[in-house]
Amino acid sequence: MDVVSIRDFSIEQIEHILDVAEKMVPIARGDEKSDLLEGKMLGSLFYEPSTRTRLSFEAAMMRLGGKTLGFDEPKGSSVAKGETLADTIRMVDAYSDVIVLRHPQEGAARLAGHFAENPVVNAGDGAGQHPTQTLLDLFTIRKETKRIEGNHVVIVGDLKYGRTVHSLSEALSMFGAKLTFVAPPSLQMPKEHIRHIESRGIKPSISSSLEEVVKDADVLYVTRIQKERFPDAAEYQKVAGAYKVNMEMLKDVKKDMIIMHPLPRVTEVDPEVDGTEHAKYFEQAFNGVPVRMALLALVLGGVQ
Amino acid sequence: MKEFKVTPIRNGTVIDHIDVGMALKVLRIIGVDASVNYTVSVLMHVPSKKGGWKDIVKIEDRELDPSELDKIALVSSNATINIIRDYNVAEKFVVEVPDRVKGIMKCSNPGCITSRNEPVEPEFIVESKKPIALKCVYCDRLTTNVAENLI
């Protein structure tokens, strides 16, 4: 099966993936060895740069005894000569057992799935879907807070353009989490996503002040506000300053509230926060490995 | 004697009650171009008995396939089809929006993979028939203006 969009999964399937990922943690850490995917080949096609996603997929495959081939930029490959994605996919499909694809065009993974016989895993397609990020976010929330349902998740940052927060909020609404979206009005969650969430029976709160809502949060999910979204630098500074997570912001929060961030961060989470019990973003980055191990093992039939 | 701008046809298909201004889009959807070997009359901006204005297309000596004609509903949901045999209306039906649409329009998302040179035809699932909303099977984006995105 292909892994293209988080919308393709039921709650039961997601929970199963997270259960399998849980079992992968000791192998991901290198404490245990595994030959589950020995003899299997991962075709890793990155048409756009990505550090975390690519490396964690490759680590996941190799920790399970498999091998990887592919490219991390299209320059120098047949892609640069004008080959269609469909042809590249058919070729790599013949050389490997599973394809991981990051592509700047939306819908690229769905198209790849149509041309490949072997499973295709979407590692991000333009402004579209990034389902493995959503799975590792859900894994982190479940692992750190012992539940997903009933959590109050405050999502702050660029909610308009951030694909991570679109998929995550849709998935959280499936699980029945309480959602609050914090962003300046120009970067708030698009209406079609809010409608989608409401269709699951969840009414998200909308706010422009992080200070007001952070005290009640169980999970604070922070994303980067990109400078290029703003016409002038002064406006950017004002907005970036208003959503900065620092010790001052954290003085009245719940003791066991966790802070997540898909990384890379710029200034939105102050490094002074890194040492607190709240900071879970580096654990979150590590969790990409066991979650991707679980997915690869499941789509390749290494586990049921 | 009554004066006709366009005379009735003896045999063929009349597409009536086309939303005003949409006649040429309708021809595009049903694939009428210079290569056809039958006569096509197009009437644009004619008064409608139901009030307001409409367009009409008359195709002589050709009975078009109803399933083909349903695509017309994407740009003109009130259009009616009359199959004419020996000057009489032999069959009459209203077009209906199909459940899936393939090959007649492109995705409105310029970032969609189907906008690139890939060997696939854009394909859509009809999410809503009134107002019309089509979801791209590749990128999930909704397109509501079909007329602007015809191939």
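How many residues of domain 1 of chain B are in contact with residues of domain 2 of chain B? Seven residues of domain 1 touch six residues of domain 2, where contact means that the C-beta atoms, placed from the backbone, lie within 7 Å. On the domain 1 side, these residues divide into four nonpolar, one polar and two charged. Here Ala, Val, Leu, Ile, Met, Phe, Trp, Tyr, Cys and Pro count as nonpolar, Asp, Glu, Lys and Arg as charged, and the others, Gly among them, as polar.

This is a predicted model, in which local features need pLDDT of at least 70 and side-chain atom pairs count only at pLDDT 80 or more, while totals for chains, interfaces and linings use all residues. Residues are numbered from 1 along each chain as its sequence is written, and chains are lettered from A and ligands numbered from 1 in the order in which they are written.

In chain B, domain 1 covers 12-94 and domain 2 covers 100-149; such bounds come from an automatic or database domain assignment. The domain centres, taken over C-alpha atoms, are 24 Å apart.

| Bond | Omega |
|---|---|
| A:Leu263 to A:Pro264 | about 5° |
| B:Lys130 to B:Pro131 | near -5° |

A:Pro264 lies in the loop between β9 (258-260) and α10 (281-299) of chain A. Helices (H or I, at least four residues) and strands (E, at least two) are DSSP runs, numbered from the N terminus. B:Pro131 sits in the loop between β7 (123-129) and β8 (132-136) of chain B.

B:His17, in strand β1 (residues 12-19) of chain B, is not a glycine, yet its phi is positive, about 55°.

Notes. Contact = placed C-beta atoms within 7 Å.
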